[in-house]
Amino acid sequence: MKLILAICVAATAADFTETVNKVNSMQSSWTAAHPDRFASEEDVKALLGAFLPGDANHRAPAVDNTTLLSDFKAPTSFNAVENWPKCGGMADVRDQSSCGSCWAFGSTDSFQDRACVASGKDIRYSAEDTAFCSTAGMGCNGGNSAWDWFTETGVCTGGDYTDIGSGKSCLPYSLAPCAHHVPATSKYPKCPSSEYPSPRCTGQCSEKSYATSKKQDKFKAKRAFSVRGVSKIQQELMTNGPLYVAFTVYADFPTYKSGVYKHTTGSALGGHAVELMGWGTENGEDYWLVKNSWNEQWGANGFFKIARGSDECGIEDDVSGGTF
């Protein structure tokens with residue numbers, strides 16, 4: 001049995017090694033490395049829960065067709081984390097665990113950060129509430145931008161799994177951070193062999209010592225909209241804060257380590273939702289700066305850069321946000 005297990009692990013490592021070597025030999029805009037978080041492509045698929053344009057289940061807020069400000073000229077670079085340092089949630093890289101709830105994290109984090117830009121209050125909102133109580137998706141089985149739901153119902157407060165028991169918010173994320181790599185660590189224990197089942201939604205806060213009821217804790221957005229076009233995306237991000245964005249993940253993306261990602265090799269694994277944080281240019285390559293929800297040990301401290309202006313992997317096709 002041990003011999004068989006060793007052969008399987010070696011084969012998996014070889015698969016990633018082949019991808020890494022191919023990427024690093026074919027182009028120079030980004031660098032690949034064997035990912036610590038994943039042992040196989042199957043591990044990645046469990047985390048890809050975003051419905052993309054063209055999918056039967058895809059929904060998105062109506063496109064904002066207001067005219068671009070005539071005097072707007074995007075700077076060569078912009079980073080929301082640096083621009084709004086008092087909004088600590090922008091720098092916080094979350095962990096969706098072994099669950100296809102990326103859509104809820106991309107939605108909730110963009111809501112959280114835009115709320116902070118609007119109010120100046122650095123409050124954490126609940127990816128748990130969005131993932132398992134909203135009408136925008138099906139928990140670990142996938143979903144869409146939740147911005148319409150934010151205007152209709154609102155979302156309660158809630159931090160990460162590590163905040164459970166602190167009483168600081170209503171509904172922290174209930175699924176433990178984990179990793180597929182071997183050996184696991186105390187911070188990131190081994191993920192289950194299959195993704196977690198979706199927790200049940202309730203009308204109550206999970207934190208018993210939190211003084212406010214879930215209903216009273218809800219906070220709503222006033223407007224929800226989709227944004228199209230590079231300049232409009234830049235203007236909206238720079239004016240009101242980070243945005244929900246979804247794109248197609250290919251088999252080489254999990255190996256991303258640095259540089260400006262462009263799909264280089266491998267087939268599509270699924271749709272993934274993340275948070276658009278800024279833009280810039282590196283070695284002549286225009287990029288979007290994006291925050292993932294695979295914890296800070298993946299990629300460039302949890303962030304990645306992807307080619308801007310060419311709709312790389314559909315990154316510019318499904319962008320949404322809202323105002324308060």
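Keep in mind that the model is predicted. It holds 28 aromatic pairs, and a search of the whole structure turns up 2 cavities of 30 Å³ or more. Strand β4 is a handy landmark, with 7 of its 8 residues buried.

**Aromatic pairs and a cluster**

- Phe-253 is in the loop between β4 (243–250) and β5 (256–261), while Phe-304 is in strand β8 (residues 303–307), so the pair ties together parts that are 51 residues apart in sequence.
- Phe-253 is buried, with a relative accessible area of 0%, and Phe-304 counts as buried at 1% relative accessibility.
- Phe-253 and Phe-304 also belong to one aromatic cluster, together with Trp-30, Phe-38, Phe-247, Tyr-256, Tyr-261, Trp-294 and Trp-298.

**Charges over rings**

- Lys-305 places its charged end over the ring of Tyr-287, 4.8 Å from the ring's centre.
- Arg-308 lies over the face of Trp-288, and here the distance to the ring centre is 6.0 Å.

**Strand β4 and its partners**

- Why can we call β4 largely enclosed by the rest of the structure? Because 7 of its 8 residues are buried.
- β4 and β6 (268–282) run antiparallel and are joined by 8 bridges. Ala-246, for instance, has Ala-273 as its bridge partner in β6.
- β4 also runs antiparallel to strand β9 (residues 319–323), with 2 bridges joining them. Across from Tyr-244 you'll find Ser-320 in β9.

- The largest cavity has a volume of about 50 Å³.
- Which residues line the largest cavity? They are Phe-105, Gly-106, Asp-109, Ala-273, Val-274, Glu-275, Lys-291, Asn-292 and Ser-293.
- Helix α4 and strand β6 each supply at least two residues of that lining.
- Sorted by class, the lining of the largest cavity has 3 nonpolar, 3 polar and 3 charged residues.
- The second largest pocket has a volume of about 240 Å³. Its lining counts 16 residues, of which Asp-95, Asp-160, Thr-162, Pro-177 and Tyr-188 lie nearest its centre.
- By class, the lining of the second largest pocket splits into 8 nonpolar, 2 polar and 6 charged residues.

- Leu-289 sits in strand β7 (residues 285–291) and is buried, with a relative accessible area of 11%.
- Leu-289 and Phe-78 are 211 residues apart along the chain, yet their C-alpha atoms are separated by 8.7 Å.
- Helix α8 (residues 230–240) has a run of buried residues: Lys-232, Ile-233, Gln-234, Gln-235, Glu-236 and Leu-237.
- What follows α8? That's Gly-241, whose phi is positive, near 115°.

**Positive phi without glycine**

- Asn-301 has a positive phi of about 55° although it is not a glycine. You'll find Asn-301 in the loop between β7 and β8.
- Asn-301 counts as exposed, at 60% relative accessibility.
- Cys-313, also not a glycine, has a positive phi of about 60°. Its place is in the loop between β8 and β9.
- Is Cys-313 buried or exposed? Cys-313 is buried, with a relative accessible area of 12%.

Key. Residues numbered from 1 in each chain as written. Predicted model: local features only at pLDDT ≥ 70, side-chain atom pairs only at ≥ 80, totals over all residues. Heavy atoms only, no water. Phe/Tyr/Trp six-rings, centres within 6.5 Å; stacked < 30°, edge-to-face > 60°. Helix = DSSP H or I, 4+ residues; strand = E, 2+ residues; numbered from the N terminus. Buried < 20%, exposed > 50% of the residue type's maximum accessible area, 1.4 Å probe, protein only. Lys NZ or Arg CZ within 6 Å of the ring centre and 35° of its normal. 1 Å grid on protein atoms, 1.4 Å probe; cavity = no way out; pocket = protein on both sides within 12 Å on 5 of 7 lines; lining within 4 Å. Points joined across faces, edges and corners; volume = space filled by probe spheres on them. Nonpolar A, V, L, I, M, F, W, Y, C, P; charged D, E, K, R; others polar. Pairing = 2+ DSSP bridges.
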